[in-house]
Amino acid sequence: MVVPSTTTPARQDTVALLLPPPSPGGGAIPTVDMSAPRGRVALSQQVARACAEQGFFRAVNHGVPPAGPAARLDAATSAFFALAAHEKQRAGPPNPLGYGCRSIGFNGDVGELEYLLLNANPAAVAHRATSIDTNDPSRFSSVVNEYVEEVKQLACDILDLLGEGLGLKDPRFFSKLIKETDSDCLLRINHYPPSCTTHKLDHDDQCKLKRIARTKASNGGNPTAVGGRIGFGEHSDPQILSLLRANDVDGLQVLLPDVSGKEGWVQVPADPSAFFVNIGDLLQALTNGRLVSVRHRVIATACRPRLSTIYFAGPPPHTRISALPEMVTAVLPRRYRSFTWAEYKTAMYSLRLSHSRLDLFHIVDGNNDGSKEK
């Protein structure tokens, strides 16, 4: 289902390196089988192609079993979100880490959700756990750390495949950034309450509105006009890579071009067995705009709660982000000035969700010396 976008953010041209010709069917969400049935070279090219064309793909057979840490984390966070409001608020307010409800960031963005945002560092998780699971903090931190270990390995595997598919001189360059001991990786758990509850409608009425919204959306309408609300507003992720896993409730949409090049919102079918992988702003800058940080949002129309868990793979704060030499050519000169991840985070916190943060770091008129940067 493709829905015309209500906004049209600037989108960089994508150029894949050392890859076969583009596949037809723009606007489709690529699926990548991580078990490499056709071999590692083919898999690395498939990952690079999906990242270059869409900036987003669905990873299946990824090696992270639905049972084990993933199931235990879902159970632990569901139990937390089921607590009374005053009990959950002990883990907040978000600064930006901790428990938050409706408010997103510091600049007036709101959504129909509540969430936990955690630093994916064992010591930081242990500290925050004391206000999340007051009965047994070590139980919660153990579950989170086990999950982070598995999903971090998957992120590293994907980044290594991407490096190989792009033909980088050092295919492990991206994954090394998140393997640093002081890497700034985060884990976010979003809980979207049922629309029936927040709208105070009975189940039949809410599901009727949901069907109307889907019909309007399939005919080119705005999905938020009838029966839909902004669960999490339009944005790109600032880090290197994001891995999202959710339950079987729809809501995620990504902004993708169709076969004619026109961008529209594409509904992502729920798949609790898969991870959804998207490029972040830093990876767009590191590849000089050859890969694009995909914009996405969540529309809340479901009659059941939606639970999603996102691992954000980020580098250490002092890491300097600059386009890799092999990404810069005479035809494609350097697009972004060099900056640190800490500097980028400062800029991020000063903006609204929908703002294009990388615009602040653009080099103007192809000038590479920084004298005309904006």
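In this predicted model, helix α2, which spans residues 69-81, approaches helix α5 so that their axes come within 9 Å and cross at roughly 140 degrees. The crossing of α2 past α5 is left-handed. On the α2 side, the contact is formed by Pro69, Ala70, Arg72, Leu73, Ala76 and Thr77, and on the α5 side by Phe140, Val143, Val144, Glu146, Tyr147 and Glu150. By residue class, this contact of α2 with α5 comprises eight nonpolar residues, one polar residue and three charged residues.

Ala71 also lies in helix α2. Its relative accessibility is 35%, and Ala71 is therefore partly exposed, since that class lies between the limits of 20% and 50%. Val143 is itself one of the α5 residues that make the contact with α2.

Helix α5, residues 137-165, also packs against helix α1, residues 40-53. Here the angle is about 90 degrees and the axes are 7 Å apart. An angle from 65 to 115 degrees counts as roughly perpendicular, so α1 is roughly perpendicular to α5. The residues of α1 in this contact are Arg40, Leu43, Ser44, Gln45, Val47, Ala48 and Cys51, while α5 contributes Ile158, Asp160, Leu161, Leu162, Glu164 and Gly165. Seven of the residues in the contact of α1 with α5 are nonpolar, three are polar and three are charged.

A disulfide is a covalent bond between the sulfur atoms of two cysteines. A search of the whole structure finds zero disulfides. Cys156 is accordingly in no disulfide, and the cysteine sulfur nearest to it, that of Cys185, is 8.1 Å away. A disulfide would require the two sulfur atoms to be within 2.5 Å.

Technical notes:
Residues numbered from 1 in each chain as written. Predicted model: local features only at pLDDT ≥ 70, side-chain atom pairs only at ≥ 80, totals over all residues. Heavy atoms only, no water. Axes fitted to C-alpha atoms, helices over the stretch in contact; angles between N-to-C directions. Helix = DSSP H or I, 4+ residues; strand = E, 2+ residues; numbered from the N terminus. Parallel < 35°, antiparallel > 145°, perpendicular 65-115°, else oblique. Contact = heavy atoms within 4.5 Å. Nonpolar A, V, L, I, M, F, W, Y, C, P; charged D, E, K, R; others polar. Left-handed = near helix turned anticlockwise from the far one by under 90°. Buried < 20%, exposed > 50% of the residue type's maximum accessible area, 1.4 Å probe, protein only.
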